[in-house]
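Q: Walk me through this one, please, and for each label you use, set the value against the rule behind it.

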Amino acid sequence: MPPLNDISSRGDIGAPYQRVRRNRSSSLSHARSKSLNSAVLHRVPRFSDDGSVSFASLWNYHSITVLALLVAYLIGVAFFEPQSSDGVNTSYNIRRGILACCLSYICYGLTQSNDGPFIRPHPAFWRLLLSVSVLYEMALIFLLMQSEDDARKLVWNLDSSLGGPLVEQSYGGECTLWDFDNPSDPLHNFWDKWDVFIVAHIASWWAKMMIVRSVGFCLVMSFLFECLEYTFEHQLANFSECWWDHWVLDFIVFNGIGILLGCITLKYLNAKDYHWQSVWTYPTFQGKISRMFLQFTPYYWTEFQWNPLLSFQRYLSLVGVMFSVLVADINSFYLKYIFWLEPAHWINIARLILLGLCASVGLCEFYKYTTDMTCTKIGQQAWVILGISITELLIVIKFAKETILVPFPDHVKIGWALLGTAWTIHAIFVFLIPAWKRWKAKDISRRGSDTKEA
């Protein structure tokens, strides 16, 4: 394993490059000497590491130890647990076999897969996350091959309380903001829209800001998601909301608060200096405890500069990222509709946490792919999270076919036609016309040079 202070050999830790604060009092030669560590961008890093490792043995892969423990587990389960061959415990044996297969793959991924861009709190955590995400993708593919009833029964095996049809909650209905017929509480329609999902709105958009690291990006996605709720409200009652719930409560207030909190967090992380020392260099017990908690903070931080108008290829790639995020959000509603899961069910929460953590790694890898010319392929976690979004979409299309084929209302068709036209015109003015002008200028210059030579 390369040393942690070797930035050139671990240029993908946390994120590829750093935005830094220059010290105006430092000399030019000092700045140039420090810029050698910043690779492509030639910026002074706000980062230092004394190279010492607090618990050196914990940073090893321990591949032989993990394999020995896995073999011991398999021997104990296979030879010493009671088994039945009369078919009574067949279901239990199948579950035990699947669990053993999953555990074996996790052990393999934990010790043999490549390290990703993050190393805090430990690289093994992110290798474990990659392994679990691969298993989740394999489970989705298995569900995709089943019938709708069989797929539901397989999911219900995870929780015996499942099995009843889901009652979709609608936030539409009465949209009168001030009810004159109820003088004691004229804003009761407004207060009825306030529930626990307010926290979910704020937390989700804070998380998106931490993942995408762009205010404009998140604002566009927030606007498009509200448009998608309008689009699909005739299919799922959960999407039905009053206009002021869409644009005032959700888009402006709750999503805006989440994005604002994300901006504040990013501002702190971008301005923070990252200087790491071994826990044993701290003289006091309190200092050692503080350093141990700091292990759960970023090793260093990078401010993403997406520059979507830099090229048409960059523009299309970011549109693809935006589309993938929105598809993952829409999948959440359709999957709980298909498998009859309550919004607060632990399966939904576990999925959101898994996809959020995977997206933080995958988007960092994708950022490096789009900004670093030496990177020729997307990272392993980016590949997996993209596959998960596509497979979930295929499950929705297959199992909710009757729902998603309900014809769209005319106002939805007209709205998306206008939005698509405006988007196309924008792309033409930003990319096509300037490209045509550059080609025309080169053609005139070439003709002029040919005339001179003649």
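Predicted model: local features only at pLDDT ≥ 70, side-chain atom pairs only at ≥ 80, totals over all residues.

Q: What makes α11 oblique to α13?
A: The axes of α11 (residues 312-338) and α13 (residues 380-399) come within 9 Å and cross at roughly 40°. Those axes are lines fitted to C-alpha atoms, for helices over the stretch in contact, with angles from 0 to 180 degrees between N-to-C directions. Under 35 degrees is roughly parallel, over 145 roughly antiparallel, 65 to 115 roughly perpendicular, and the rest oblique. That makes α11 oblique to α13.

Q: What hand does that crossing have, and which residues meet there?
A: α11 passes α13 in a left-handed crossing, meaning that the near helix is turned anticlockwise from the far one by less than a right angle (clockwise would be right-handed). On the α11 side you'll find Ser324, Val327, Ala328, Asn331, Tyr334, Leu335 and Ile338, and they meet Leu386, Ser389, Glu392, Leu393, Ile395, Val396 and Phe399 in α13. The residues of this contact divide into 10 nonpolar, three polar and one charged; Ala, Val, Leu, Ile, Met, Phe, Trp, Tyr, Cys and Pro count as nonpolar, Asp, Glu, Lys and Arg as charged, and the others, Gly among them, as polar.

Q: How do you know that α11 and α12 are roughly antiparallel?
A: They pack at an angle of about 175°, with their axes 12 Å apart. That angle puts them over the 145 mark, so α11 and α12 are roughly antiparallel to each other. Among the α11 residues in this contact are Arg314, Val321, Ser332 and Lys336, while α12 brings residues including Asn348, Leu352, Phe366 and Thr371. By class, the contact has six nonpolar, six polar and three charged residues.

Q: What makes something a nonpolar core, and which residues have the most contacts inside the largest one?
A: A core is a set of buried Ala, Val, Leu, Ile, Met, Phe, Trp, Tyr and Cys residues joined through side-chain atoms within 4.5 Å. The largest has 64 residues, and those with the most contacts inside it are Phe217, Met221, Trp306, Phe339 and Ile395. Helix α12 (residues 346-371) gives the most to this core, with nine residues. Apart from it lies another core, of six residues, including Phe190 and Phe254.

Q: Why is histidine 62 called partly exposed, while arginine 213 is called buried?
A: Histidine 62 is at 37% relative accessibility, so it counts as partly exposed. Arginine 213 is buried because its relative accessible area is 8%. Histidine 62 is in the loop between β1 (47-49) and α2 (63-80), and arginine 213 is in the loop between α7 (197-212) and α8 (215-232). Neither is a glycine, yet phi is positive at about 55° for histidine 62 and about 60° for arginine 213.

Q: What makes glycine 262 buried, and which residues is it in contact with?
A: Glycine 262 has a relative accessible area of 0%, so it is buried. Its place is in helix α9 (residues 243-271). Leaving aside neighbours within four places in sequence, glycine 262 is in contact with Trp206, Met209 and Met210. Its C-alpha atom is 8.1 Å from that of lysine 208, 54 residues apart along the chain.

Technical notes. Residues numbered from 1 in each chain as written. Heavy atoms only, no water. Helix = DSSP H or I, 4+ residues; strand = E, 2+ residues; numbered from the N terminus. Contact = heavy atoms within 4.5 Å. Buried < 20%, exposed > 50% of the residue type's maximum accessible area, 1.4 Å probe, protein only.
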